[in-house]
Amino acid sequence: HSMGAFACTMLAVPLGATDIVLWGAAPFLDCMDDKSDTNVRVLVVQATKDSMMDMVATREKLKKFWQMLPALAVRHEIANGTHSGFASYTPSWKPEVEGGIPREEQHKEATRKTIEFLKEQ
C-alpha cells in the first residue's frame, strides 16, 4: 500500500502484469509511472479518513493522478477507512489514531474488492 503501490506502477509493464491494485495511494506524482497509454487494468482503493490524502492531495494533484492512470481505472472508497488501515502497523500520527473503522473490517473490504476486481476478466 501507499508508496509500495507506486512501485507497482513502475514494475507492472516490464514484468508483464496485466492488473495493478493500488491501496491507499496518495497523489505522490513524482513517484508514479504514467500508465495512461497502457492496457493495464487498475483498481485504486482509497479510504475516506486517510490523513495522508489530507496532507498531500490537492484538486490539481488528484486530477493529474487520475490522468496518469488508464481511462478505465476503477476507484473504490472505504467509508471511514484510514491510511494505516491498509497495513498492519500501529499508526503514529494523531489523525490516524482518532476514528476510523476497525483494521480487520478495512482489511476485509479492501481484500474483497481486490478479489472481485481480479476475477473480472
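Is W66 buried, partly exposed or exposed? I looked this up to begin with: W66 has 25% relative accessibility, so W66 counts as partly exposed. (Buried means under 20% relative accessible area, exposed over 50%, partly exposed in between, with a 1.4 Å probe and protein chains only.)

**Ground rules.** I am working with a predicted model, where local features need pLDDT of at least 70, side-chain atom pairs count only at pLDDT 80 or more, and totals for chains, interfaces and linings use all residues. Residues are numbered from 1 along each chain as its sequence is written, and side-chain values use heavy atoms, with hydrogens and water left out.

**Rings.** I found two aromatic pairs in the structure. (Rings of Phe, Tyr and Trp, the last by its six-membered ring, pair if their centres lie within 6.5 Å; planes under 30 degrees apart are stacked, over 60 edge-to-face, the rest tilted.) W23 and F86 make a tilted pair, with 5.9 Å from centre to centre and 35 degrees between the planes. W23 belongs to strand 1 and F86 to the loop between strand 3 and helix 4 (94–97), so this pair ties together parts 63 residues apart in sequence. (Helices, H or I with at least four residues, and strands, E with at least two, are DSSP runs numbered from the N terminus.) F86 counts as buried, at 6% relative accessibility. Next I checked F65 and W66: their ring centres are 5.4 Å apart and their planes stand at 85 degrees, so the pair is edge-to-face. F65 is buried, with a relative accessible area of 0%.

**Core.** Which residues touch the most other members of the largest nonpolar core? I noted L22, V42, F65 and L69, out of 14 residues in that core. (A nonpolar core is a set of buried Ala, Val, Leu, Ile, Met, Phe, Trp, Tyr and Cys residues joined through side-chain atoms within 4.5 Å.) Helix 1 (3–15), strand 1 (19–23) and strand 2 (41–47) each give two or more residues to this core. The largest share, three residues, comes from helix 1. Apart from this core lies another, of nine residues, including W23 and I78.

I traced three strands forming an open sheet in the order 1-2-3, with parallel pairing. (Two strands pair if DSSP finds at least two bridges between them.) Strand 1 and strand 3 (74–78) are the edge strands, each pairing on one side only. Strand 2 and strand 3 pair over five bridges, and V45 has H76 in strand 3 as its bridge partner.
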